[in-house]
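Open the model in your viewer and keep the selection panel at hand.

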Amino acid sequence: MIQVSIASNQEFFRASLAAILGSQAGVNVAAQGRLNQVLSLPGAARADVTVVCSATAGDSIEFIERTKQLKEPPKILVIAQKIRENEVRNLLTLGAFGILLQETAVRHLPWAIDAIRNGSRALSPKIADHIIDEFSRPNICSNNTRAAREKVGQLSTRERQVLELIAEALSNRTVANHLGISTETVKGHVRSICMKLDAESRLHAARIAWQASAAA
């Protein structure tokens with residue numbers, strides 16, 4: 001029996017996922033709750049897979065970071081309404097075992113849960129096709145992408161870390177918590193980043209980061 005927990009701040013979506021998964025043979029929904037609540041529920045401790053659905057990829061990233069503090073963290077399957085290429089990369093790098101798109105999640109949940117429980121990765125076909133396409137196409141950068149990468153290359157390691165997080169639309173406080181530094185230090189890094197990138201705002205800096213991470 002595969003034990004599954006569900007983490008989402010949307011009550012209706014949690015209930016829908018629970019109904020779908022509960023109808024699958026060999027699957028038991030052990031716990032369900034909000035993103036900041038579910039890990040403390042008794043049933044969550046025995047979950048083989050935790051399904052996470054959040055409004056932004058940044059919320060899913062924060063959730064995965066919290067699970068790393070557990071003695072036996074569950075395997076994470078993220079369901080995203082929309083997701084950018086760099087967000088897919090960040091989630092997989094942090095340890096997500098799967099990413100499904102919300103529009104087709106119902107169709108792919110059964111095999112994805114089984115695959116993840118057995119140690120495999122599970123990606124929405126649309127995401128998998130995009131990744132395969134990126135690996136198979138010639139490595140040629142557009143002028144805009146090349147220019148953006150040159151700008152980002154001027155940043156220090158810490159500034160790149162801050163830039164990646166603000167590109168996820170995270171607040172200064174959340175960035176500070178992620179990196180274990182003060183909010184004032186984050187503000188200083190953001191000012192330095194904007195100056196080096198010749199960016200008018202943090203949003204402009206985020207756009208340069210997205211351009212730098214784009215494939216040609």
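**Stop 1: the cavity**

The largest cavity has a volume of about 60 Å³. The structure is a predicted model, and a search of the whole of it finds 1 cavity of 30 Å³ or more.

Select the lining next: Ser54, Ala55, Thr56, Ala57, Ser60, Val78, Ile79, Ala80, Gln81, Lys82, Ile83 and Leu91. Then colour by element. Those that give two or more residues to this lining are α2 (57-67) and β4 (75-80). The largest share, 3 residues, comes from β4.

**Stop 2: helix α6**

Move on to residues 143-152, which form helix α6, and pick out Thr145, Ala148 and Val152, which are buried. Why do these residues lie on the same side of α6? They cover an arc of only 65° around the axis, and this puts them on the same side of the helix. As background, an α-helix has 3.6 residues a turn, so residues three or four places apart point the same way.

Keep the buried residues of α6 selected and show their surroundings: they pack against α7 (157-166), α9 (183-197) and α10 (202-213).

Key
Residues are numbered from 1 along each chain as its sequence is written. This is a predicted model: local features need pLDDT of at least 70, side-chain atom pairs count only at pLDDT 80 or more; totals for chains, interfaces and linings use all residues. Side-chain values use heavy atoms; hydrogens and water are left out. Buried means under 20% relative accessible area, exposed over 50%, partly exposed in between (1.4 Å probe, protein chains only). Helices (H or I, at least four residues) and strands (E, at least two) are DSSP runs, numbered from the N terminus. The arc is that of the directions from the helix axis to the C-beta atoms. Contact means heavy atoms within 4.5 Å. On a 1 Å grid over the protein atoms alone, a cavity is a set of points where a 1.4 Å probe fits but cannot get out, and a pocket is an open set with protein on both sides within 12 Å along at least five of seven lines; lining residues have an atom within 4 Å of a point. Grid points are joined across faces, edges and corners, and a volume is the space filled by probe spheres set on the points.
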